[in-house]
Amino acid sequence: MSDAPRLSRRGLFRTVGGTAVLSGCTREGGGLRRPAHPEVAGPDPTEVQLVLDGRRVRARVPIVRTLATCLTEDLGATAPKVACDRGACGACMVRVDGRALPSCSLLAVDVDGRCVDTAAHPEPPPLLAALRKAFVEHDAAQCGYCTSGMIVAAWDLLEHANARADLTEDEVRRKMAGNLCRCGTHRAVVRAVLAVARGEVTAS
Amino acid sequence: MKKPPATIDGLPAWGPSFRPTVVGRPTDRIDGPAKVAGRAVYTTHVRPPGLLYGAIVRAKVAAGIVEGIDLSPATKMAGVRAAIPLAEPGSRIRFAGQDLAAVAATTPEIARAAAAAVEVRIAPAPFVVDLDAALADGAPRVHEANVAERRTEGDDPTEAAAKGTVVGNVRPLPAFVTGDVERALDRADVVFDATYETPVVTHCALEPHALTVAWDGDDAMTVWASTQSIFSVRDEMAEVFGLAPAKVTVICEHLGGGFGAKFGASAPGSRMGYAAGALAREAKAPVRLVLDRREEQEVTGHRPSSRQRVRLGATRDGSLVAIDVLAHGSAGIGTGAGVGRNAAHIYTRCPNRRVRAHDVFTHAGPGTAMRAPGHPQGAFALELALDELAAHLGKDPLDLRIAHDPHPVRRKEYEIGRERFSWDARRAAAKAAREEGARIRTGAGVAASIWGDFGRARVARVTVTVARDGSVAVRNGVQDIGGGIATVLAQVVAEVLHRDVADVTVAYGRSTLGRSVGSGGSQTTSSVAPAARVAAEKAKQALFEAVAEAVGVPAAAVAFDGPSIRAGNRVLSFAEACAFLDDDGIEVTGSRGPTASDLPFPFPGGGRAQIGGVQFAAVEVDTWTGEVRCTRITAVHDCGRVMNPKTTESQVAGGIMMGLGYALTEIRHMDPTTGRVLNADLERYKLPGFGELPEIDVHFVPVDTPANATGSVGIGEPATIPTAAAVACAVFDALGVAVRRLPITPDAVLAALSREEEAP
Ligand code: FES
Ligand code: FES
């Protein structure tokens with residue numbers, strides 16, 4: 001892999017802004033705006049390009065490779081964790097063009113050209129930064145294996161909430177229900193998310 | 001046990017008059033920032049250069065004899081670097097999922113394809129995966145001979161080893177008997193007799209079992225392991241590969257859960273350590289083995305099932321005269337289907353008690369210790385039986401418990417809980433709704449736990465360093481399972497050296513940092529924290545001596561004054577004092593001695609304290625749909641001196657969540673026709689989640705125990721022992737009829753209600 005910005009062989013990097021680091025692709029349709037992957041891919045490994053946590057990266061992947069495997073094995077991402085490998089636990093959640101999705105259940109080639117944000121974003125947008133703080137303050141990470149996924153789900157939930165400050169505990173529980181935790185951090189997670197929603201914990 | 005000594009490990013106890021400034025304060029865990037920022041690297045993410053990916057070929061049948069294993073279809077595939085057999089012709093298959101072979105390849109996808117390509121021939125044999133079928137005459141035998149017990153650091157170390165012989169598929173575990181139960185039952189005014197069942201549930205740590213082995217020449221290796229016991233991995237790898245233990249470096253910087261299933265280099269049902277090491281040797285490259293969720297559910301351990309016939313004898317006025325439990329349970333091919341200590345050792349004012357438990361072997365992966373081995377099973381049956389008996393007698397079940405439990409702390413915990421939980425009001429409300437026949441009922445229940453202070457002497461060696469620039473560091477090879485021991489290390493050292501937690505650098509999670517204990521049996525804190533205090537006190541002494549010499553006062557004239565150090569009439573900052581050290585600074589190692597006291601109340605067998613803990617549960621039950629919701633848990637626990645209330649409370653809340661899964665949602669289903677796990681995933685195996693989260697109220701009763709130099713005791717296991725039992729008791733209170741099997745699913749509730757209607 002390489003961090004070096006590079007024009008793709010199809011010259012599709014044109015919508016990338018001038019900054020080297022994009023601070024979280026928070027709007028849908030962010031990223032490199034590459035079209036859906038060309039008609040046919042494979043059988044040989046194919047190159048995918050992503051904006052990962054604000055940095056342009058590329059990897060050559062077998063076409064059957066999941067986004068989760070691509071992120072952790074090809075690109076060295078440490079945030080997504082694969083616990084079930086079939087969309088049932090949320091530990092592998094990342095944001096693809098601003099939407100939280102399980103990276104174990106996407107193929108890397110299918111997110112070619114997109115903007116992928118993980119909980120490890122080096123320049124976290126304010127919501128992500130606030131969530132990190134709140135998770136520490138409320139002790140919402142025990143073993144921590146579910147935590148990156150929890151934070152991505154919470155980030156998504158807060159960003160897309162209509163009236164963030166009015167979020168209720170019930171709504172948080174419902175929206176986070178797809179994220180499993182075996183250490184039982186649920187109570188702390190709800191408290192942390194609500195603390196950010198209500199502005200009790202902020203980025204700064 | 002003798003009265004507590006004046007000093008512990010040569011130090012004054014942190015007793016009632018001790019006023020800590022760091023220890024006992026809610027403290028953010030030091031690894032929190034790395035975890036929340038996704039920077040913490042777990043075993044599953046370690047990528048040494050040249051890394052290969054391993055996969056294990058597993059039996060798809062539950063019983064049979066291996067006829068042949070052909071690795072060549074795998075070895076011919078591009079990208080495959082090594083393939084080894086893990087069974088040979090003639091090997092007996094005893095459960096679906098058993099190891100057959102392993103492969104390593106350049107990508108995980110190729111490794112999986114290569115594993116699938118290995119050709120295996122197995123002559124299938126009859127098998128049995130169900131408890132009743134295994135007990136039937138003529139059932140296929142799981143083991144031909146006696147079975148060796150597999151004990152881990154997750155087991156209760158005071159429990160005797162099973163010596164009974166296997167008859168059919170049944171082997172007795174050591175029985176507990178006191179008094180004469182049969183005679184007492186004969187003479188009792190009231191005898192209550194019922195049978196309770198608990199399912200197999202699985203540990204489900206979100207991080208699967210994972211191991212990466214990198215050889216360094218022929219006689220040394222580095223092992224990254226997702227383990228609850230770095231040193232058991234080290235010793236096992238050294239033994240398996242004939243290496244000196246010092247030549248095996250084991251690293252577990254962050255651990256994604258374990259709950260009892262991650263001791264040793266091998267998973268309970270899979271020789272992962274051997275496989276990864278042998279593949280890496282053959283391929284001459286590091287190999288990573290990460291199990292998938294099916295393997296986790298089928299192979300890597302579970303909490304054994306149980307069927308318990310409970311008989312209670314009582315006098316008409318509510319004195320218990322007999323407790324008798326006859327239990328059969330299955331740990332698959334493994335051992336250890338006991339039922340803990342609730343029946344035998346909590347209600348000891350009942351004079352006649354007997355517990356006889358049996359392992360029933362089935363063709364399923366081996367069970368292993370899971371957060372309080374045997375205890376949640378036994379607690380469920382005994383505590384619910386007590387409530388049923390109390391109802392017959394017209395007694396308050398809380399009063400019945402207090403009347404028979406001599407433990408002073410647990411008795412106090414009951415009283416605290418009674419207030420905090422509004423026990424009387426809740427019981428009255430439940431009764432009113434029940435009598436009125438309301439659709440939505442509420443109920444309240446309570447249950448107890450028993451555990452011991454299993455802190456170990458002279459195992460953990462903690463090193464404290466103080467450098468000339470005033471920096472302080474502590475190191476020990478312990479793994480942090482999420483309980484927060486790394487933070488406690490920093491707290492204890494900060495306390496003794498009058499620093500802030502942030503001033504203390506902690507190194508942990510690596511076998512080169514000094515021997516430590518496994519994270520099992522709730523023994524980590526009470527083994528490691530006192531060793532840290534001993535080391536820190538030595539460092540303090542060394543520092544004071546250096547200051548005394550430099551300033552020209554006797555060492556006794558040097559003391560802390562807040563964060564400063566006073567020497568005679570000079571006041572120095574900590575950094576100024578450290579500047580008197582030589583270039584090497586201070587480096588001292590400490591360990592703790594034997595448990596010094598069993599105060600305030602002994603664990604069975606004596607020599608160590610007994611930990612109490614009670615939990616109250618409130619439920620809401622919809623009698624039309626059978627749905628049960630736990631609305632509140634009030635948990636009142638003791639664990640000596642709480643080192644870090646923040647992380648300790650988290651651990652208790654986590655134990656409660658795990659207990660709610662046991663109560664309401666979790667069950668591993670075996671398919672009797674294929675012998676395989678039907679729900680070997682996380683969508684059909686139902687973990688408790690945000691939907692199950694009740695109000696959780698955690699309260700600690702501080703106990704001054706002179707057991708060790710910090711007075712700390714573990715809490716990991718007691719936190720989950722009584723939860724399911726309390727919920728089951730609450731459901732009984734709501735319905736007036738008991739659901740005698742876990743999990744308490746809607747169909748079980750409806751079945752119990754219809755039984756009640758049929759009853760005359
Ligand atoms: S690993 Fe992707 S949802 Fe569980
Ligand atoms: S913190 Fe361990 S799984 Fe959530």
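In this predicted model, A:Arg95 and A:Glu159 form a salt bridge, with their closest N and O atoms 3.1 Å apart. The arginine belongs to strand β3 (residues 93-96) of chain A and the glutamate to helix α3 (residues 147-160) of chain A, so the pair ties together parts that are 64 residues apart in sequence. The two partners can also be described by their accessibility. A:Arg95 is buried, because its relative accessible area is 0% and the cut-off for burial is under 20%. A:Glu159, with a relative accessible area of 21%, is partly exposed.

A:Asp74 and A:Arg65 form a salt bridge in which the closest N and O atoms are 2.9 Å apart. Here A:Asp74 is buried, and A:Arg65 is buried as well.

Turning to chain B, a salt bridge links B:Arg294 with B:Glu298, and the closest N and O atoms of this pair lie 3.0 Å apart. Both residues sit in helix α8 (residues 293-299) of chain B; they are 4 residues apart there, so about one helical turn separates them. B:Arg294 has a relative accessible area of 31% and is therefore partly exposed, whereas B:Glu298, at 4%, is buried. Chain B also holds a network, in which salt bridges that share partners join B:Glu182, B:Arg311, B:Asp324, B:Arg354 and B:Arg356. Over all chains, a search of the whole structure finds 57 salt bridges. As a general point, side chains of opposite charge can pair when their charged atoms come close.

The nonpolar side of the picture comes next. The largest nonpolar core has 160 residues, and the members that touch the most others are A:Phe135, B:Leu312 and B:Val727. Helix α18 (residues 723-735) of chain B supplies the largest share of this core, with 11 residues. Another core, of 51 residues, lies apart from the largest one, and its members include B:Trp14, B:Phe18, B:Ile485 and B:Ala535.

Key: Residues are numbered from 1 along each chain as its sequence is written. Chains are lettered from A and ligands numbered from 1 in the order in which they are written. This is a predicted model: local features need pLDDT of at least 70, side-chain atom pairs count only at pLDDT 80 or more; totals for chains, interfaces and linings use all residues. Side-chain values use heavy atoms; hydrogens and water are left out. A nonpolar core is a set of buried Ala, Val, Leu, Ile, Met, Phe, Trp, Tyr and Cys residues joined through side-chain atoms within 4.5 Å. Buried means under 20% relative accessible area, exposed over 50%, partly exposed in between (1.4 Å probe, protein chains only). Helices (H or I, at least four residues) and strands (E, at least two) are DSSP runs, numbered from the N terminus. A salt bridge is a side-chain nitrogen of Lys or Arg within 4 Å of a carboxyl oxygen of Asp or Glu.
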